[in-house]
Amino acid sequence: MKSYRFLILLGLVTCSSCKDGFLDLAPISETNNVNFYRNAEDMLNAVNAAYATLQSSGLYGQSMYAIGEGMSDNTEILDAQSGIDISQLDAFTTLSNNGIVSTTWNDHYQGILSCNTVIDRIPGVNMEQALKDRYVAEVKFLRALMYFNMVRIYGDVPLILKETTDVADGYGYSRNPSTEVYDQIVKDLQDAEQVLPASYTGLNIGRATSGAAKGLLAKVYLTQKRWADAASKTKEIIDAGTYELLPSYADIFRITNKNNKESLFEVQFKKGGFGLGSPFNNRFAPRLAGVAVTTIGAGSGHNLPTVNMDQAYEKTDPRKDISMAQGYTSGGNFVAARYIKKYLDPAPFAANDADNNWPVLRYADILLMRAEALNEAAFVAGGEAFALLNAVRKRAGVAEKTITEIPTQAAFRLAVEQERRVELAFENHRWFDLVRTGRALDVMKAQGFNIQEYQLILPVPLTQIEINPSKIKQNPGYE
């Protein structure tokens, strides 16, 4: 039974029906892996399978917010009944048998397997070469995104770049150094950005674009502290003129405004009883709110904004009321209970079946990344980095920052961190920002957490070590 848990090695490729286009991601069951890949439609199904993985609990359905927000000072779990696994992450008491830790690993590798299958199988399929190239570029972007998540979450991870069809093959994989994983991420994104189109029309809207590949590559460079490369890549995006800040911050998150001009990449969700709806309408509602917040189904009490997050906004910043609420009304009475508003659906189809996409990369992030990279390269009082920071603030409707307020490189560094926190609140950036800037220990200890350096990454799932103990070793501190 052990081998069935090792999802790097597992079974049949999950493909998706494309009859109604990209957003129809319902799986085809028991697809024959050997005979399935015959034509362009089969390969489209296979590519859609890779996209479909993004919706899973181990990626953007739950794990990424549980880690990206829940482990930071932005959100918290106030009720243990909201779930022991997510409560462990929030409290830095995570064990190696934690269910989210395991699901994150498994679902990411299932997605990577789907990407590898496309790359390995598509050369033998008779179809238009340009479409072949685009499909490969799309899954290289997805594979890079998944490995970027993995290497930031676990550190060293197995780097698997070919389709795994035999369970026995998987026992040869050990954990590759994170530097090797980053090298492959960069290569995949450099390949993808050269091939992917700048935009799509019709049913293809929402697929990975060249701008998405460039934006993710810029974030990788920033994480690697390659300041010049990050600055250069973000400049390419800005100069292309494809994206822009929307005039209204609230419009970014409207269900009727998905994949807008500010969006570089979103995880696509579609309500309607298809199994494709987003769960956030219910997940982020207070657990005891009934239907007062969700309109349908109970709340899970996940990702509740902290007091510190509540106080992080300037008094005149309208982003606060757009992003979070102070409570809800039930039976004519106001109940104080902070919750996230960004992902509310005013008319969900059912519980955990809403229409909200999840923003992975947007233009405000690009502007702030460039501002950060320029500042790290060389502080210039009143220079371009100031203009970029203030462009984001101006759109939000708050006062621009001056040289008097930010007189040094260190002060600008903190100003960008603060702006990223409130601008990108509840979009899975905060924890990873704190870790990559070396600020996580100080910030979280100031909030009363007894966090240790080894906890900047999560444990390898215990099941993976039990399956292959000679190759897969635990992260220090969790043994």
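Let me start with the packing of helix 13, residues 363-377, against helix 14, where in this predicted model the two meet at an angle of about 150 degrees, with their axes 8 Å apart. Because an angle over 145 degrees counts as roughly antiparallel, helix 13 is roughly antiparallel to helix 14, and the crossing between helix 13 and helix 14 is left-handed. On the side of helix 13 the contact is made by Ala364, Leu367, Leu368, Arg370, Ala371 and Leu374, while helix 14 brings residues including Leu388, Leu389, Val392 and Arg395.

Is Arg393 buried or exposed? Arg393 is buried, with a relative accessible area of 3%, and, leaving aside neighbours within four places in sequence, its contacts are Glu314, Val398, Ala399, Glu400, Lys401 and Glu419.

Turning now to the nonpolar cores, the largest has 118 residues, among which Leu54, Phe141, Ile185, Phe265, Trp358 and Trp431 touch the most other members. Helix 6, residues 129-154, gives the most to this core, with 15 residues. There is also a second, separate core of 8 residues, including Val293, Ala325, Ala337 and Tyr339.

Finally, there is helix 4, residues 84-91, in which Ile86, Ser87, Gln88, Leu89 and Asp90 are buried. The cover over those buried residues includes helix 3, strand 3 and helix 5, and just after helix 4 comes Phe92, which takes a positive phi of about 55 degrees.

Methods: Residues numbered from 1 in each chain as written. Predicted model: local features only at pLDDT ≥ 70, side-chain atom pairs only at ≥ 80, totals over all residues. Heavy atoms only, no water. Buried < 20%, exposed > 50% of the residue type's maximum accessible area, 1.4 Å probe, protein only. Contact = heavy atoms within 4.5 Å. Helix = DSSP H or I, 4+ residues; strand = E, 2+ residues; numbered from the N terminus. Core = buried A, V, L, I, M, F, W, Y, C linked by side-chain atoms within 4.5 Å. Axes fitted to C-alpha atoms, helices over the stretch in contact; angles between N-to-C directions. Parallel < 35°, antiparallel > 145°, perpendicular 65-115°, else oblique. Left-handed = near helix turned anticlockwise from the far one by under 90°.
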